[in-house]
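Subject: A structure for you to explore

Hello,

Here is the structure I promised to pass on to you. Please open it and keep it beside you while you read my notes.

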Amino acid sequence: MHDIQDGKAPALRVRNLETRFRTRAGHVHAVNSVSFDVARGELLGVVGESGSGKSVTMMSLVGLLPSPPAEIAAGEVLFDGQDLLQCEPRALRAVRGARIGFIFQDPMTSLNPVFDIGFQICEPLRRHMGLSKKAALVRAAELLDLVGIPDAKARLGQFPHEFSGGMRQRVMIAIALACDPDVLIADEPTTALDVTIQAQILELVKSLRETLGMAIVWITHDLGVIAGIADRVIVMYGGQIVEQAPVEALFASPRHPYTRALLRTMPSVRGPRSATLEVIAGQPPVLSDAPTACTFRARCAYRAERCDHENPRRREVGPGHDAACFHEFDEEAAVRG
Amino acid sequence: MAVRDLKKHFPVLGGLLRRRVGTVRAVDGVSFDIAAGETLGLVGESGCGKSTVGRSLLRLHTLTDGQVRIGDADVSGASDAALRRLRPLMQMIFQDPQASLNPRMTLGEIIGEPLREHRAGSRSDRRDRVHALMDQVGLARTFSNRYPHEFSGGQRQRIGIARALALEPRFIVCDEPIAALDVSIQAQVVNLLEELQARLGLTYLFISHDLSMVRHIADRVAVMYLGRIVELAPRDPLYAEPLHPYTRALLSAVPEPDPRRRDTGERIVLRGDVPSPARPPRGCNFRTRCPDVMAVCEREDPVLREIRPGRLVACHLHDDDETDRGSVRSGRDPHHHEGEAG
């Protein structure tokens, strides 16, 4: 597993992942043939709305989906020389929390309300790294410091409800970083937070990235957040990756109609104000069948005959930039007029 | 709509005997006007009191203090009977399209409920009206026998809008109507609200924490912090030149969807958390996080003052700027529909 991509070895490599859910009404093909890499020191942004498959993809990587009803039908998740999808649950547990850290959207439901913060941060330290209680508490205080919570030692004895939303999310980050993971996966970690608190958390993550150098996957629907912290971006729709690009290229010349439409519908706070908002007509697809045609075609401005019969594969459209679309956009396709 | 010195305080009960041990000053002296056909955006972060303001205007809360008028009618002091007569004029669209619709009622029943409540017309009149409303919001008439769970978030929000329009209101409080929706659907709902406003001559109070959407839909914008309005201005001047330090921080915190701008200057990152509304700081309630705090800020509460025509700020930084002491309106008289919104 020493392939080089853009000069950095991937910390995590996902190939052709397919995840389905078995329901009474049949299968839901939540993730269809998803492939991506994340390198050490890189922040990969994952953009998508509800139903795009972004969260299911990430949870599939480390076996966080209850199975049944979830089934991982195909794919490989290569991490540190092994395929996580082939691992025994025990081995996976060792990876999860220690080598791959997770941050979820709502810190109140991810933190156990009946245990104090110190206990919850120490848990992975004691279990995965075998630290003694005393040593773990010292490290826990260091971690709270690292994530910018003042008065760390005193706060170790406090409970989640004694912290504000932003503080709780910092605690989640501390827990996720506790064992110095190689990969950090954050699923909409700032979506539920106020914008000024979100700004604080984003500043924190940027500075941590400088000092810790791990691979980060950051899932969000907010393109503004992506623009602010991502190095590369993948855009997901209908259970598939529809575009992948370095962040500047994604905003400067998006090559998938969904990406282009998303960028157009966003009103901005600073730039010129548009008189009417552009919309993407229609609804996201229901994924009851494995797609045999393009999942975006019903809402696409560039729909053609071919789109109804074939599901486009990702193809290269620029350096490090690919899109799953048959349409050829102009070289310097600008989105905003 | 005219609002003067609105206050809504909630008691904090504690101890074995549940005695009052404190007060949450959710809304602490808020005043503004909204002219007919105008959209006033009300922005602020969680806990600032904006939703409480919306509910207080419709008297979904009993008011602790203050006056609310719609047109010439007094809302705040109205008797129950008078209030019931006023209700058709003022409606609300709620944030959570799932929680605000009764899951055991069909679409047709939900939209028709206000009509039944206020006994507006015969059964077939009501059915016709429900169909007309569904047309207006873009829901197929065939949906009227379906249940909310069969619809997407965006469609459920349309149901909520149709219901709000049923009694032909003049004023609608939109309480975070798009927050729970996907980005690609938000634009659809906002466009619908704008279209309805133009067609039906509606007046909106648009409550939201989403500054970019508010910029799109509002004519004027009020910024709230811990129960008070800290700035009120016409939309373009507010976004181009925010005067209150909190407004500036709020706008600067919104991530810009342009990666080329990401490391440039002016990012104001506030320290710390919002103080509890049960224990607001003495003096200016923003002083604990304000990058421009001065000595006077702890001694004196800044008053919301019109420092330039149409621009109101509550901040000691502008103590020398005031041109019109004590004025709350910003150039537009709601009772005579004169002048521009700004």
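To begin with, what percentage of the 337 residues of chain A count as buried? The value is 47%. Please keep in mind as you read that this is a predicted model.

Let me start with the overall build of chain A. It contains 11 helices and 12 strands. Its C-alpha trace spans about 65 × 50 × 45 Å along the principal axes. A compact globule of 337 residues would have a radius of gyration near 20 Å, and chain A, with 21 Å, agrees with that. Now look at the contacts in chain A between residues at least 6 apart in sequence: 65% of them join residues at least 24 apart.

For its 342 residues, a compact globule would have a radius of gyration near 20 Å; the value for chain B is 21 Å, which agrees. Of these 342 residues, 47% count as buried. Among contacts in chain B between residues at least 6 apart in sequence, 62% join residues at least 24 apart.

Next, the place where the chains meet. Here 32 residues of chain B are in contact with 36 residues of chain A. On the side of chain B that touches chain A, α6 (183-200), α7 (211-217) and α9 (245-253) of chain B each supply at least two residues. The most comes from α6(B), with 6 residues. Sorted by class, this side of chain B has 16 nonpolar, 8 polar and 8 charged residues.

Helix α6 of chain B turns up again if you look at helix α11 (residues 257-265) of chain A. That helix of chain A is mostly covered, with 7 of its 9 residues buried. The buried ones are P257(A), Y258(A), T259(A), R260(A), A261(A), L262(A) and T265(A). What covers them includes α9 (223-229), β9 (232-237), β10 (240-246) and α10 (247-252) of chain A, together with α6 of chain B.

Then there is the interior. In soluble globular proteins, nonpolar side chains tend to be buried together. In this model, the largest nonpolar core has 191 residues, and those with the most contacts inside it are A174(A), V183(A), V217(A), L205(B) and I229(B). Helix α7 (residues 165-177) of chain A gives the largest share of this core, 8 residues.

Finally, how far can you trust what you see? The model scores ipTM 0.77 and pTM 0.83. Chain B has a mean pLDDT of 87, and 92% of its residues reach 70 or more. One stretch needs care: over residues 324-342 of chain B, pLDDT stays under 50, and the model has 38 contacts beyond four places in sequence for these residues. Where pLDDT is low, the predicted coordinates should not be read in detail.

Enjoy looking around, and write back with any questions.

Best wishes

Terms used
Residues numbered from 1 in each chain as written. Chains lettered and ligands numbered in written order. Predicted model: local features only at pLDDT ≥ 70, side-chain atom pairs only at ≥ 80, totals over all residues. Contact = placed C-beta atoms within 7 Å. Helix = DSSP H or I, 4+ residues; strand = E, 2+ residues; numbered from the N terminus. Nonpolar A, V, L, I, M, F, W, Y, C, P; charged D, E, K, R; others polar. pLDDT = per-residue confidence, 0-100. Buried ≥ 20, exposed ≤ 12 C-beta atoms within 10 Å, placed from the backbone. Core = buried A, V, L, I, M, F, W, Y, C linked by C-beta atoms within 7 Å. Rg over C-alpha atoms; globule rule 2.2 N^0.38 Å.
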